[in-house]
Amino acid sequence: MTEKLVRVLYVEDEPDIQVVARLALEMVGGYTLEICSSGKDALIRAPEFKPQLILMDVMMPGMDGPTTLAHLREIPEFATTPVIFMTAKVQPGEVAGYKALGALDVIPKPFDPMTLSGQVQTIWERRHV
Amino acid sequence: MSEVNELQLMLKLLSQAYAGQLPEKIKQIEQSWRQFPIIGWDQDEFLNLHRLVHGLTGSGKTFGFSALSDSARELENYLYFLGQAKTELNAVQRDKVSLLLAGVSLAANQPDKPGSAQVNLIPVKAVRAKARNTRRIFVVEHDRELAWELKTQLKYFEYDVKLFYTLEDFRRAIRQDSRGVVLMDINFPEDPLGGVHVMPELQRNRQTPLQVIFLSSHSELEVRLEAVRAGGVAYLMKPVNLGVLVDKLDELTSASVAPAPRVLIVDDDVNLSNYHARVLEHAGMSVKVVNDPLDVMRPLQDFSPDLILVDIYMPGCSGLELAKVIRQIDAFVSIPIVFLSSETNLDKQLAALVLGADDFLTKSIEAHQLVSSINSRIKRSLLLRSFMVRDGLTGLLNHIAIKDQLVGQIAQAKRHARSITFAMLDIDHFKKVNDSYGHPVGDRVIKSLSRLLKQRLRENDLVGRYGGEEFAVVLIDADGAAAMKVMDAIRHDFSQLRHLAKDQEFSASFSCGLAEMKNFDNASRLTDAADMALYKAKHAGRNQVVLADASYPA
């Protein structure tokens, strides 16, 4: 039985990408979306927003994706919240590395705004099967 | 509008915004790279550079710049490699970074082709193309005197002229990517049809053929035929009639872009009206939004729309009432009013039509339908209006239209505390021109002055034909001194033009009177003062510009 995905937290520092992601996830996907511009911001706002799923850019100034994930896991209520990394992956083996860190999956950037929510949904459903 | 279309439109708008920011982003990257030390290793600057490049890798394709993502990724990969060692870069490494960076910069100008990326699906008319600057003219003429004369004369019409006296010089100078119009003499000493014969070779392998106007003293059909086959778009007999030539050049270079049509949207729904505004702006229109129908009067006068889009149900004043009011203002009797409504009831639609609505659009209209129905409405109305306000010979505003405009512009300038100068011009001894050379020649002189005025004044200045050989100009945002400078330069250049009548050449001049709004604050005083200044200019010997004294009429 799959829980319906509604609340998505997206952590991304690039304003351009934030706007297009909002379109892609709210308009196309129909999710309730919260966007944070930094890992730190995400750690502060997550407890209140209570996301079911977190999308996170890997490379951000200040606290990067993997570090944010590590801190997030220290908060009891987010110990198992699924996290998907978004990355313009550069190195082979990078994806495997992120999964080893506890990421549910990795969505490559640049993403296609028309299909992003489909990808998210697929990953979400696959996990709960 | 369907959600998919709306989404695609928004994506397209976003990708345009992204494209607009790219030059700045590239500049930042280049700057960061310039700051990176030649000696040693600066980890902070390196991370900054890496982050900036990474941003492009991860975003380009999303906004329809696939090539940018690819080339940024290439650079990023290499930076990653360099970042492992963290040691001073050698010359080869530096060169490679510069090279890859150049590739990124290049790709920032290469959006994906329409259709290949999802962000480009929506069929909205492209923003008006900027007139490509092809005001370059290549004159190939072995008669040096004639060539020089053409150059001098065309310069007054703001053409950039390059001269070639031999075919060989021209052949060597012209390149694949040369753009411009070629004025080619046909007869050269080495070959009586040399000008025609040289063209096929030059046209070969060109993506866009050179446009050629042949100048010839042969009128035989065979020669004309050869000229057409060589890519000639016009064939002018010598001696060259400058008026005809400039007309042709204007047509080929189409330097004048029609101003963007103006649409006024009156709708109390802020979101929807902003959305419609964005759709129409995107299609190259200039849009003003009014959310309270009671605020409509000022934008109506100031913005002077070509079409009004009105929501039918609004608090305070319904769209129907508003249409009635607007129709009662003289200047807007003929403006197209289009209702926007969720109303599908035919009776109500009919009632609206009786009250002066020109069309009904439902609120759920799709973006491209909105654009195309507004576009066709405006086109028809502008065409109709042009018959009413334009002078047939010159295409300038006619007497009534320029007077109307003057009144409107004065009101607007007062509100914005700006200055206007009004100019009256009269061609000197014009009756003599008509009597000596005939009316068709007189008409050409009038046309050449109107063309010069249109080309030399700014786009928002208003030029009208006031009477037979009399012209009026409203110079916006110009005080007396500025207007004097502009009009005097035009006066000088006009007096240097050579007009052709049969085999005779002659020149003409004009006198001009100027009056500033700050001294004469309504239309009739301004007109009188300019007229008086014109009278003074005539009496002082003609071919001069006179600024009306502030004390007149005292």
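The legends below accompany close-up views of a predicted model.

View 1. Chain B is built from 19 helices and 17 strands, and 34% of its 554 residues count as buried. Among the contacts in chain B that join residues at least 6 apart in sequence, 64% link residues at least 24 apart.

**View 2. The open, parallel sheet of chain B.** Five strands are arranged in the order β2-β1-β3-β4-β5 (chain B), and their pairing is parallel. Strands β2 (160–164) and β5 (232–237) of chain B lie at the edges with a single partner strand each, so one side of each has no neighbour in the sheet. From one strand to the next, the twist averages 20°. Within this sheet, β1 (residues 136–140) and β3 (residues 181–185) of chain B pair in the parallel sense over 4 bridges, and Ile137(B) has Val181(B) in β3(B) as its bridge partner.

**View 3. Helices packed on the sheet of chain B.** Helix α5 (residues 144–155) of chain B touches β1, β2 and β3 of chain B, and its direction makes about 175° with that of β2(B). Helix α8 (residues 221–229) of chain B touches β4 (211–216) and β5 of chain B, and the direction of this helix makes about 145° with that of β5(B).

**View 4. Strand β11 of chain B and its two antiparallel partners.** Strand β11 (residues 420–427) of chain B is mostly covered, with 8 of its 8 residues buried. In a regular strand, side chains alternate between the two faces of the sheet. Ile420(B), Phe422(B), Met424(B) and Asp426(B) point one way from β11(B), whereas Thr421(B), Ala423(B), Leu425(B) and Ile427(B) point the other way. Strand β13 (residues 470–476) of chain B is joined to β11(B) by 7 bridges, with Met424(B) opposite Ala472(B); strand β16 (residues 510–516) of chain B is likewise joined to β11(B) by 7 bridges, with Leu425(B) opposite Cys512(B).

**View 5. The contact of helices α16 and α17 in chain B.** The axes of α16 (residues 430–437) and α17 (residues 439–456) of chain B come within 7 Å and cross at roughly 140°, and the two helices are therefore oblique to each other. Phe430(B), Val433(B), Asn434(B) and Tyr437(B) in α16(B) meet His439(B), Val441(B), Gly442(B) and Val445(B) in α17(B). By class, the residues of this contact comprise 5 nonpolar, 3 polar and no charged.

**View 6. The contact between chains A and B.** Chain A contributes 19 residues and chain B contributes 21 residues. On the side of chain A that touches chain B, 14 residues are nonpolar, 1 is polar and 4 are charged.

Methods
Residues are numbered from 1 along each chain as its sequence is written. Chains are lettered from A and ligands numbered from 1 in the order in which they are written. This is a predicted model: local features need pLDDT of at least 70, side-chain atom pairs count only at pLDDT 80 or more; totals for chains, interfaces and linings use all residues. Two residues are in contact if their C-beta atoms, placed from the backbone, lie within 7 Å. Ala, Val, Leu, Ile, Met, Phe, Trp, Tyr, Cys and Pro count as nonpolar, Asp, Glu, Lys and Arg as charged, and the others, Gly among them, as polar. Axes are lines fitted to C-alpha atoms, for helices over the stretch in contact, and angles run from 0 to 180 degrees between N-to-C directions. Angles under 35 degrees count as roughly parallel, over 145 as roughly antiparallel, 65 to 115 as roughly perpendicular and the rest as oblique. A residue is buried if 20 or more other C-beta atoms lie within 10 Å of its own, exposed if 12 or fewer, and partly exposed in between; C-beta atoms are placed from the backbone. Two strands pair if DSSP finds at least two bridges between them.
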